[in-house]
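How do you read a structure you have never seen before? Let us take it feature by feature.

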Amino acid sequence: MSTNRVTATPRHERSLTQIKFNAEGDLLFSCSKDHIINVWYSHNGERLGTYEGNNGTVWTVDVDSESRFMVSGAADNTLRLWAVATGKCLYTWEFPTAVKRVAFKDDDSQIVCITEQRMGHQCAIRVFNINRDGDGTNQSKEPLHMFNPIGSKATVCAFTLTPNIIITGHESGKVALFNIKNGDEVDNNERAHGDVVTDLQMSKDSTYCITSSKDKSARIHDTKTLMVLKTFTTETPLNSAAIAPIKPYVLLGGGQEAMNVTTTSLRQGKFETRFWHKVFEEEVGRVKGHFGPINTIAVHPAGTAYASGGEDGFVRVHHFDESYFRAKPYGDLEIAD
Amino acid sequence: MPGTTLEDIDYSDIEAKYQVYYDDSFDNTLVVDGVPIIDKSKLERLLAKVAKEFSRKGIAIKPEDIFMPWDESTGKSKGFLFIDFRNVEDANLAVSALHNHPFDAKHTFKINRFTDIERFTDLDETYMEPELEEYSSREHLRAWLADPQGRDQYVTYRGEDVEVHWHGKPSQSELAHKPDWKDFLYVAWSPLGTYIATLHRQGVRLWGGPSWKPQQRFAHPLVKLIDFSPCEQYLVTWSNEPIVVPEGALQGPQYFSPDDEGNNIAVWDIKSGDLLRTFSTTNDNETPGIKKQMQWPALKWSPDDKFVARITPGQMISVHELPSMYLQGKKSLKIDGVVDFEWCPHGDKDKEDAEKDVKTAINGSGSKATTKKARENMLVYWTPEVINQPARVTLLSFPSRAILRQKNLFNVTECKLYWQNQGDFLCVKVDRHTKTKKSIFCNLEIFRVREKDYPVEVVELKDTVTDFSWEPKGERFAIVSSSDPNLGNPGPGITIKTDVSFYQLEHGKNDFKLLRTLPSRTSNAIRWSPRGRHVVLATVGSSSKSELEFWDLDFNLEDAGRREGQTSKEEWGSGIQLLGTADHYGVTDVEWDPSGRYLATSASAWTHTLENGFAIWDFRGQELTKQIQDRFKQFIWRPRPVTLLTKEQQRQIRKNLREYSRTFDEDDAAEESNVSAELIALRKRLVDEWNAWRALCKKESTDGRGQKHGKARAAEEEKEEIEVWVDEVIDQIEEEILE
């Protein structure tokens, strides 16, 4: 797929951990192992500002639908709430272990976070209410709900449409639905993946989601029934998967483990973003650029661009050009989004 | 216990469990006939003598174990006795060691098992007509050639699984057979594709026919290497373990006999499965300690399967006749210092001549004058320089053993013998050293075998030639040469720079002239298409380079009739054209299919473990399929036998190619539309399913929101679009209009 135009390659000093577009898609948030969260203009790659204060790898970031608040989770065992506009840290929650994943609820009223299983502490999932009145510094210290998922630890999570139900991906490759009120596992698919689930991104209307895994495959699940709808099998471990709006594609990224990279050539490393047809489960194209594994992929909410963050410290923002929208590689077929 | 007596208790289960079994068989009892008839006085001495006789052979028996029956009426012995042995093994040993053993001048032991005697006496004496086995026709072993689509087959070996596939258009590339063979080293096709062989611990097994049934087996334990004779009549097997024939092993023409013990190589007849002969690979007067790498094939077959030859380096070449496997002429070819030899292959013409010969022989007609006698077998060998005597290449006809041509060579380090596959040309690649013996260069001595007096022509080269290859059925050859200083000391990450050159026979001058040199490549392997013309240059076994170059040497020529009208009308070497380049990471094997239309490359897990798998390309270098599979080991095309069409028929086909190709074009078009129709239907179904699911989701989510998220929905609905028109007065100008 050569129909892309790279406008920006923002640079972190260390490998990227997660990138996120805001609801309008004009801003791109990126966090990395260099302790800093950056926000960039997505159209030209200019840096708007940084969010400093974390004292460890920032593992995860999410922004609310009004682009007012942003939350981050880091290896310094903190979960922080930031004011997007000013870069101020509004509130800090402290935990015994690192925060691996955060996510806003659709209506911005709650956030969910996963803390790492380490040093005798179990993996925990906590849900906080976000007080949106005032300047945002007045947050409750205690979580609204907290529970420890039984069995394999959770690695990724997101809110679903059903109230009080979140969807999680686990180290064992399991995908499950949890009731946050009592911590019950409502439903699960133990065999969703064969290895650790590395990413989970919801569709626009949250009725389905895509997961990526080290087992070299990505899958689309129905968020209600956890039925696997589509499977995309590649030949490389995957770190991230995203769903493109408008066009029926999914974007997969990954590559050789960082520790194996030096022993293989660049061509071998498979550090490309792969475009797969969402319905036909066929690869339609690849975009090269990174010279390390791709750690995270995000698609512009309007479907006009996508960004990928790599182990090499680069964020590459690709804008789809006209031919991407015009091209109908499979003929005239109406495919619902 | 009141009420129950001992008899009431049922002990049968315990009795059954602890029952003592008596060894009531007579397996360890032998009957010895041919014992001297004696009277009682001599009994003790005889028994002692018999016991001693047995003990001498390593089977200890006591006189008490011997029972001697007596004829009470005469008071003499009956001339036979019974011996009880400790166990069956001892008894068996005694049978093999002492049967027909001369006891003294008049008496010879005849030993039988007691059980056998019993059986023989019980034998029904009436003759039973043996039932004739119902004749079951064997499967056609070449049935795959009758494939209506004319497809070729290939075998893949991955992990523990072997699969045989058809190779054709995408819709026709189906699995032909997936056998459940277990525990074997590797698989190999026979040279004409009739059989596929698997190497097991117990020996070699051949499979074939449409049902892939076992066709033959050869019990050579721990076999490691096999080699078929060119006409598939015989098989040579080799194992690093010397043959051992254990006691009680199966005997018969298909099994090793004690005479074969200690040998490594066995020659078998494929049709009958009989063992013909075994050889040892170790030479008696070889200096111990210095283990030279064994040459394989160790036995070289003449192209007509009539002779097989074996070299004793430095001494002689032994040629054996088939099928008797006796030494031809009862003596070897004694050649001092002989290093290597090769048989001359038969060309298509030779085969025709040979067939005619056979026919005339069968007809018995005296029309000898009409047919030319088929060419005798030829072999070529070389001897190195010895003091005062130059190195020498000798062309010898066989079995007449007449020296046809000899060529002396000087300053020779090494010679390699390359026959063109039709037996038209022989190239001797001579690695020569300078007087100081510091640097090495290369000469190619080319023998034109079909011409009178076998003229030799020399091509001198400055560089070292690492690979040489004749164009099959052609008058061209390609060489890979290199002047890279790293040549000869390979290390990790070092890729040797090479030049590839093509030479062609110039008919006017009758010598080989350089067509073109392709400088600074990394290619180290030449693979000619089996039909000639196309050649692939590959970089094999390198960790960083893996290029494939597809060349056409007759690019300017119209395909039809190119052979006939090949005169040097065009500029020399202008027909060479690069058709395409490709890359197969970590390629270890490159092989053309028998038709010369497709090329298969594979990366075998036997060599390395990176990206194992195989790819198939067309002759232009377009990738047709590529499969990356973990633990992929082997890819082999199924060979095809020589065509049955005569030269004339082939010419007819070439002439009317357009006619034939039309039907194929139609097939292709139909196939294409068929495939696309199927694919479109499949896609349509997938899209419909997806859209239906999406519609369902949308319906559910709107319903759900209607109830549960009433507020959110309401809020959404409250969002009205309000258009506000703002009139802004920027400036006001009053104008008076005069009327």
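This is a predicted model: local features need pLDDT of at least 70, side-chain atom pairs count only at pLDDT 80 or more; totals for chains, interfaces and linings use all residues.

Q: What is the make-up of residues 51–92 of chain A?
A: Look at the elements, then at the two ends. Residues 51–92 of chain A are 55% strand and 0% helix. Their end C-alpha atoms are 13 Å apart. Residues 287–317 of chain A are 52% strand and 0% helix, with end C-alpha atoms 11 Å apart.

Q: What is the radius of gyration of chain A, and what would a compact globule have?
A: Set the value beside the one for a globule. Chain A has 19 Å; a compact globule of 337 residues would have a radius of gyration near 20 Å, so the two agree. Along its principal axes, the C-alpha trace of chain A spans about 55 × 45 × 40 Å.

Q: How many of the contacts in chain A join residues at least 24 apart?
A: Count the contacts between residues at least 6 apart in sequence. In chain A, 46% of these join residues at least 24 apart.

Q: What share of chain A is buried?
A: Of its 337 residues, 60% count as buried. Chain A exposes about 13,200 Å², and carbon and sulfur atoms supply 47% of that.

Q: How far apart are the mean positions of the positive and negative charges of chain A?
A: Chain A has 36 positive and 41 negative charges. Their mean positions lie 4 Å apart.

Q: Is A:Q201 buried or exposed?
A: Check its relative accessible area. A:Q201 has 19%, and buried means under 20%, so A:Q201 is buried. A:Q201 sits in strand β18, residues 197–202 of chain A.

Q: Which residues is A:Q201 in contact with, leaving aside its neighbours within four places in sequence?
A: Among them are A:C209, A:I210, A:S240 and A:I297. Sequence and space can also be set side by side. A:Q201 and A:V156 are 45 residues apart in sequence, and their C-alpha atoms are 9.2 Å apart.

Q: Where does UniProt place the feature "domain: RRM" in chain B?
A: The unreviewed entry puts "domain: RRM" at residues 28–116 of chain B. That span is 31% helix and 22% strand. Its end C-alpha atoms lie 12 Å apart.

Definitions and conventions. Residues are numbered from 1 along each chain as its sequence is written. Chains are lettered from A and ligands numbered from 1 in the order in which they are written. Side-chain values use heavy atoms; hydrogens and water are left out. Helices (H or I, at least four residues) and strands (E, at least two) are DSSP runs, numbered from the N terminus. The radius of gyration is taken over C-alpha atoms; the globule rule is 2.2 Å times the number of residues to the power 0.38. Buried means under 20% relative accessible area, exposed over 50%, partly exposed in between (1.4 Å probe, protein chains only). Contact means heavy atoms within 4.5 Å. Accessible areas come from the Shrake-Rupley method with a 1.4 Å probe; for residues, only the protein chains shown count as cover. Lys and Arg count as positive and Asp and Glu as negative; His and the chain ends are not counted. The place of a charge is taken as NZ of Lys, CZ of Arg, CG of Asp or CD of Glu. UniProt positions are given in the numbering used here, feature names are shortened, and annotations may be inferred rather than shown by experiment.
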